[in-house]
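Hi,

Here is the structure I promised to pass on.

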Amino acid sequence: MSDQTIIFFLTILALSLLLVVLYQRLTFHRGIQGKIQKIHRKLEKILETDSDEKVMVFTDHPALMELAAQINRLLVDRQKMKADFKREEISSKKMLSNISHDIKTPLTVILGYLEIMHLNNSDDEMLKKVETKAEQVMELINQFFTLAKLEAGDTDVTLCKINICEVCRENVLEFYDILLQKEFTVDLHIPETSVFVQGDKDALQRILYNLFSNVIRYGSEGNYLGVFLRQDKSVVYIDVVDKGKGIEKEFISHVFDRLYTMEDSRNREIQGNGLGLTIAKNLAVKLGGDLLLDSVPSVKTTFTLKLKKISY
């Protein structure tokens with residue numbers, strides 16, 4: 001065999017070995033990239049769903065094994081931080097609930113003394129103003145107390161079959177005198193036949209009371225209250241409508257936030273205490289429903305209470 005033939009075969013062998021090595025490296029890198037992509041997708045899913053899962057990687061590559069281990073350490077630390085935050089949040093809400101309760105007791109006594117003083121001095125204007133302000137403070141504390149109990153999970157809501165048509169009519173009647181006094185046009189569309197929902201009567205009355213109070217407070221320019229009950233196969237919708245100033249689109253997402261109030265640009269006064277709608281929203285969710293808002297300023301504002309329908 002000539003030297004040229006030997007050199008040719010050695011060259012072919014060297015090229016073959018080089019190709020094999022390049023192929024193995026390419027395959028290896030593709031395998032590494034594939035596993036890194038799997039880690040990325042799994043981590044993205046964990047973060048999006050807020051789950052307590054861990055990243056699992058089946059590999060013998062030391063760097064990938066170390067990467068997965070460090071990621072899982074971070075995930076464990078994240079779980080601990082979430083648990084600690086949750087405990088502190090619950091503790092803070094219970095503390096707020098207790099403080100609200102403790103403040104109510106002496107304020108109730110103060111109101112009692114003010115009432116006695118008012119009976120003895122019925123014409124004292126200063127005394128009347130003090131009594132009015134004390135009643136407003138008591139109302140605010142009551143709302144704080146209610147919201148704190150709701151958020152701390154201390155509010156018992158017993159779900160049962162409720163005739164929502166009857167509850168709506170009762171709540172409108174409670175506001176009849178003030179609506180008449182303020183010359184509101186009242187538009188009721190409630191079915192004559194009973195419509196049943198999953199609910200708690202006290203919670204439903206509180207939600208509707210807050211919604212109707214909101215209409216009288218913020219929608220008085222339109223002098224209109226509309227209550228429309230509609231339904232489909234599984235959901236009952238109660239639309240509470242007013243034709244007042246309405247709410248600008250950029251503020252709608254904040255209306256149910258705690259202590260959020262809307263500023264009247266004409267008189268620069270803060271209206272309300274920002275808790276009524278938050279309480280209504282929390283109660284609606286606790287009933288397995290929801291409270292939504294849609295508003296076209298100076299045209300129509302609609303709060304929609306969604307409840308689970310019971311058809312049996």
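Below is what turned up around the aromatic side chains.

One thing to keep in mind: this is a predicted model. Searching the whole structure gives 3 aromatic pairs. Take Phe-175 and Tyr-209 to begin with: their ring centres are 5.4 Å apart and the planes meet at 45 degrees, so this pair counts as tilted. The two come from distant parts of the chain, 34 residues apart. Phe-175 is in the loop between helix 4 (164–174) and helix 5 (176–181), while Tyr-209 belongs to helix 6 (residues 201–218).

Tyr-209, at 40%, is partly exposed.

Phe-175 also pairs with Phe-212. Here the centres are 5.7 Å apart and the planes are at 90 degrees, so the pair is edge-to-face. Phe-212 is in helix 6 and Phe-175 in the loop between helix 4 and helix 5, so this contact ties together parts 37 residues apart in sequence. Both of these Phe residues are buried. Put together, Phe-175, Tyr-209 and Phe-212 make up one aromatic cluster.

There are also a couple of lysines sitting over rings. Lys-243 lies over the face of Tyr-224, 4.3 Å from the ring centre. Likewise, Lys-281 is over the face of Phe-256, at 4.9 Å from the centre of that ring.

Cheers

Conventions: Residues are numbered from 1 along each chain as its sequence is written. This is a predicted model: local features need pLDDT of at least 70, side-chain atom pairs count only at pLDDT 80 or more; totals for chains, interfaces and linings use all residues. Side-chain values use heavy atoms; hydrogens and water are left out. Rings of Phe, Tyr and Trp (its six-membered ring) pair if their centres lie within 6.5 Å; planes under 30 degrees apart count as stacked, over 60 as edge-to-face and the rest as tilted. Helices (H or I, at least four residues) and strands (E, at least two) are DSSP runs, numbered from the N terminus. Buried means under 20% relative accessible area, exposed over 50%, partly exposed in between (1.4 Å probe, protein chains only). A charge sits over a ring if NZ of Lys or CZ of Arg is within 6 Å of the ring centre and within 35 degrees of the ring normal.
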